[in-house]
Amino acid sequence: MDSVGGGTLLVIAKAPDPGHVKTRLCPPCTVEQAASIASAALRDTFAAVSAADPARRVVAFDGAAGPWIPAGYELVEQVRGGLADRLDAAFRWVASTGAGASPMMVLAM
């Protein structure tokens, strides 16, 4: 991934906790297997974002923040509600904390 022109890359993510993520995979997966899939997807997502050169890297997270989020990311907790509500709140937070009208790109696992 090349430079995003000084904009913000915003990752929407859930903590990879069993029973909290990828639950639609259960069955046939166990909740632990689904969490392992989520963890792998997050690692790939963060690797792609880390290879880019944005002005800001932000994670809008659901669940507990922890070592699954790499260093160098600003953190904002997701609000309750549907995906549209969560995206709207994350975009508004990024804009209110310095991005203004600069480009934002959302990535999810």
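## Basis of the model

The model is predicted: local features need pLDDT of at least 70, side-chain atom pairs count only at pLDDT 80 or more, and totals for chains, interfaces and linings use all residues. Residues are numbered from 1 along each chain as its sequence is written, and side-chain values use heavy atoms, with hydrogens and water left out.

## Helix H1

Helix H1 covers residues 31–51. Helices here are DSSP runs (H or I, at least four residues), and strands are runs of E (at least two), numbered from the N terminus. H1 has 21 residues, which should span 30 Å at 1.5 Å a residue; its end C-alpha atoms are 30 Å apart, which agrees. The expected span is 1.5 Å times one less than the number of residues.

Ala34, Ala35, Ala38, Leu42, Thr45, Phe46 and Val49 are buried in H1. Buried means under 20% relative accessible area, exposed over 50%, and partly exposed in between (1.4 Å probe, protein chains only). Seen down the axis, the buried residues fall within an arc of 105°, so they line one face of H1. The arc is taken from the directions from the helix axis to the C-beta atoms. An α-helix has 3.6 residues a turn, so residues three or four places apart point the same way. The face turned away from the buried side carries the exposed residues Glu32, Arg43, Asp44 and Ala51. Cover for the buried residues of H1 includes strands S1 (8–14), S2 and S4 (104–108). Contact means heavy atoms within 4.5 Å.

## The aromatic pair

The count is one aromatic pair. Phe, Tyr and Trp rings (the six-membered ring of Trp) pair if their centres lie within 6.5 Å; planes under 30 degrees apart are stacked, over 60 edge-to-face, and the rest tilted. The ring centres of Phe46 and Tyr73 are 5.1 Å apart and the planes stand at 75°, so this pair is edge-to-face. Phe46 lies in H1 and Tyr73 in the loop between S2 (56–62) and S3 (74–77), so the pair ties together parts 27 residues apart in sequence. Phe46 is buried at 5% relative accessibility. Tyr73 is buried too, at 10%.

## Asp62

Asp62 sits in strand S2. Asp62 is partly exposed, at 26% relative accessible area. Leaving out residues up to four places away in sequence, Asp62 touches Ala13, Lys14, Ala15, His20 and Gln78.

## Cysteines

The structure holds zero disulfides (pairs of cysteine sulfur atoms within 2.5 Å). The sulfur nearest to that of Cys26 belongs to Cys29, 6.0 Å away. Cys26 is partly exposed at 24%, and Cys29 is partly exposed at 22%.
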